[in-house]
Structures are given as structure tokens and as C-alpha cells.
Amino acid sequence: MKRFRTQVGIVGAGPAGLMLGHLLHRQGIDSIILENRSQDYVIERVRAGVLEQGTVDLMNDVGLGTRLNREGLRHDGVYIAFAGARHRIDMAALTGGRGITVYGQNEVVKDLIAARTAANAQLHFGVTDLRVTDIEGPEPRIVFNRNGEPYEIACDFIAGCDGFHGVCRTSIPHELLRTYEREYPFAWLGILADAPPSSDELVYSLHERGFALFSMRSPTVTRLYLQCAPDEQIADWPDERIWSELETRLSTSDGWRPNQGRIVQKGVTPMRSFVAEPMRYRRLFLAGDAAHIVPPTGAKGLNLAVADVCRLSNALAAYYKSGSETLLDQYSDTGLRRTWRAQRFSWWMTSMLHKSDSDNPFDHQRRLADLEYLVSSRAAMTSLAESYVGAPLD
Ligand code: FAD
Ligand code: DHB
């Protein structure tokens, strides 16, 4: 058994784990990041694409803004479409100049891995059989195998940044964890296409046939989503069917429609709301998807993960500087408040913009009334804009 020691053992090299490692390194705190997938897999998986203003500000503040500022697409507004018309919500005008930036999660992850490598800090991919042990005591440990050899890392703290299916949350005694969950009777079929975006801003659309979302990744790549069944088989969706459905659900009476191109990636994303509380057990702290999941409508998942690790790194820095545990003690409560705000927003956006098989005609009319109110009331638009651009980081 090879034995090592670190101040903070980080499980998971998604955005939460990698960002936490970067923030700790800048504070002079030692960490080891352990990931069970390969580096290529982690970089290439296609996921979120919208960064809140606070996430962009943090990336800039911690020296990760160069490529983001060059390649990211800053948006001041967003479109909501229904009944054949698009309505623009001017987020910047309604929030004192705040906006969002389209920059793929895989680009964020690439920048974080490059920073970790440049700092010569420990990051290990492809570990197996990882478990956290001794979490009751003052020196929790992470055990795992790497290249067929067993390892043990003794830590002051462990950060569980290992996503919804990770092992850290389930290591907390069951009776001490309360969970809240809601599954949705639909999913998203997402594609990436080699097609220049036909709109400068995102379009969230409710159509009689269901939800569709127009987004992008770059001036030459469009990202699109369609509401589908949770058990949808990709094989049932040849490219022509996808384009025909997108065209039907997204085209508006002003002549706008998405540009078509070669589809380079397809996938189905399930939709779930989930919260675990507390986000801490003794010296084990949960961050990101390990602690909470939001349905993707509203683009909060990645941003919540970043907010968690920003708070956690500040709390750990205060502890190492002065011995104070005040911020560590507040980590969970503060995080849960932010999480529930994002849960409410994501649930509301999802309910307003999706159709469900159990709907009756009343539900559809109520949804349209919700949308009409949204796009005709400055107060309602301000409310959406505030949540969409995100609250400043704590
Ligand atoms: P993750 O990115 O899940 O990272 C956790 C890491 O831990 C992973 O790399 C995993 O391999 C690793 N890990 C797990 N178990 C172990 C273990 N036992 N040992 C070591 N490592 C482990 N959000 C949006 O806003 N918009 C979207 O369109 C969107 N699409 C999504 C599509 C999919 C398929 C998924 C799953 C999520 C999507 N999200 C989306 C959510 C967003 O991507 C997540 O909120 C974000 O990735 C959270 O980051 P994280 O670091 O907390 O978790
Ligand atoms: C994207 C994903 C989202 O969940 C969303 O609400 C907006 C955009 C995207 O992948 O571009």
C-alpha cells in the first residue's frame, strides 16, 4: 500500500473538483484530485454551456479568463418563444449590466486541467475502486487503486466533487442525510451541429409538440435540444427526424429558423431535481452535482457547482489562516439557500416550457398565460433575468 498525505483530498475532476483544486492552489493549500475516468473522457463529454456572470467574473479573477474572453460568446439577452412569436428579454438592461456567456463546460474543464498541469499539482485520472474511510475521525482517508497498485491518502478534509453517482454522498450515514427529489416525465435530446448559429442569443421555445432550445458553442457550431421521452432511443432519431422536429418547434412567424448542418454529436439527458442536506458530514464536504441536481432548463448546474467550491475554498482558506471554523460551519446552510433558489427557478422554467402527457387543456392554457405575463411585464422579465444571470457569488 502506497501512503500519502494532503491537506484536501478531492474526489472527482469535473468542474467542481478541478475548480476547487485551482482555488486552493492559489491560496497555498495542498490538494490531490482523483478521477475514475480518463482525461479524454472528462474533456470530451458534452454538457452545459452557459456561464453566469458570477462564474465568468470568478474565472477572470483567478487567472482563467484569457481563452474565455477571446472565445466565449457574451449574451445580453435571451428569447422566449411561444405561439409562433419570439420575445426578447433584455437581461443586461434589467439587471444593471449583467449577462451570461456561452462557453462549453468542456472548455472550462480544459482550461482548469491546463492550469493544474502548469502548477505541477497532483491530478490523477483512471483510478479505480475509490472509497472514503475514517470520515468519523480527525484524519479521513481516501483509498483507491491506480495501475493495479493500492494507495491511501490521509487528508485534513475530503471534498466530494464526484457528481450525482459518486461515492462520497453515500458514505455519509444514511440517517443523517435528508434528500428531496423530483423526477420529470420527459428528457432532452441534445445535438451539436456544424452550422453557424442563426440567432445571436438563445431561444427557449414552447410548442404544441413540446419544448425546444436553440443554443450554440461557437460562430460555427449550433447546440440544440428537444423535449423527448425519458426512455427515448437515439436510434429512433435519424438526423432528418431531428431537423424536422427542431424546425417545427423552433421556427417563428417572423421567418426565423435554425440553420441546419452536419450533426456531430447526439445524446439524451434525463431531468431530475435533487437536494441532499446537509452538504457536510464532519470533515467531508459535498460540492456540485454530488449534493444537488437541477433540471437543465435555466442552465444552473455548472454554475451552482462553481458557487459551492468558491465558498468551500474561502472557508478552507480561513481555517488554514486563522484556525477559524466559522465559514466551514456555514458552508452547508449558505449553499442550501443558493441551491433552493436555483431549484425553484429551474423547476419553474421547466414546468412553464414543457408539455406533459398528464396535461389537460387547462394546463396548456395556464402555461401560455404564464408566458404571456412573463414577456409583457417588466417585473416578470426582471425576475427571470435576475435568476438567469445568477446571484453574485457569496
Ligand atoms: P460532474 O461534472 O459530474 O463531475 C464529477 C466527476 O466525478 C466526474 O468526472 C466523474 O467521472 C467523477 N467521479 C464519479 N464517481 C467517482 C469515483 N467513485 N471516483 C473518482 N471520480 C469519480 N447543466 C446545464 O446547465 N446545462 C446542460 O445542458 C447540462 N447538460 C448535462 C448533461 C448531462 C448528461 C449531465 C450528466 C449533466 C448536464 N448538466 C447540464 C449539468 C452540469 O453538467 C453539471 O451540473 C456539472 O457537470 C456539475 O459539475 P460537478 O463537477 O459537480 O460534477
Ligand atoms: C445550454 C444548456 C442549457 O441547459 C440551457 O438552459 C441553455 C443552454 C447549452 O448547452 O448551450
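Begin by selecting Leu73, which lies in strand β4 (residues 73–75); helices (H or I, at least four residues) and strands (E, at least two) are DSSP runs, numbered from the N terminus. The model is a predicted one, in which local features need pLDDT of at least 70 and side-chain atom pairs count only at pLDDT 80 or more, while totals for chains, interfaces and linings use all residues. Residues are numbered from 1 along each chain as its sequence is written, chains are lettered from A and ligands numbered from 1 in the order in which they are written, and side-chain values use heavy atoms, with hydrogens and water left out.

With Leu73 still selected, display its contacts (heavy atoms within 4.5 Å): leaving aside neighbours within four places in sequence, Leu73 touches Ile100, Thr101 and Val102, and also Met216, Arg217, Ser218 and Pro219.

**Ligand 2**

Next select ligand 2 and the 14 residues that surround it, of which the closest are Tyr204, Ser215, Arg217, Tyr225 and Pro296; a residue counts as near if one of its heavy atoms lies within 4 Å of the molecule. Look then for the polar contacts, which are pairs of N or O atoms within 3.5 Å (within protein, one must be able to donate a hydrogen and the other to accept it, and residues adjacent in sequence count only if both atoms are side-chain atoms). An N or O atom in the side chain of Tyr204 is 2.6 Å from an oxygen atom of ligand 2, and polar backbone atoms take part as well, with one of Gly298 at 3.3 Å from a ligand oxygen and one of Ala299 at 3.3 Å from a ligand oxygen. Of the 290 Å² of accessible area that ligand 2 has on its own, the protein covers 97%, the areas coming from the Shrake-Rupley method with a 1.4 Å probe and, for residues, only the protein chains shown counting as cover. Colouring by element shows that β14 (210–218) and β15 (221–228) are the ones that give two or more residues to this shell, and β14 supplies the largest share, three residues.

**Ligand 1**

Move on to ligand 1, where the shell holds 28 residues, the closest being Ala16, Glu35, Arg45, Gln105 and Asp289. A polar side-chain atom of Arg45 lies 2.5 Å from an oxygen atom of the ligand, whereas Ala16 uses a backbone N or O atom, at 2.9 Å from a ligand oxygen, and Pro15 likewise a backbone N or O atom, at 3.2 Å from a ligand oxygen. The protein covers 86% of the 990 Å² of accessible area that ligand 1 has on its own. Two or more residues of the shell come from each of α1 (15–26) and α9 (301–322), and the largest share, three residues, belongs to α9.

**The α1 and α6 pair**

Select Pro15, Leu18, Met19, Gly21 and His22 in α1, which meet Gln105, Val109, Leu112, Ile113, Ala115 and Arg116 in α6.

**Two loop residues**

Follow the chain past α6 to Asn120, found in the loop between α6 and β8 (122–124); phi of Asn120 is near 60°, a positive value in a residue other than glycine. Finish at Pro278, placed in the loop between β16 (262–277) and β17 (280–281), where the peptide bond from Glu277 to Pro278 is cis, with omega near 0°.
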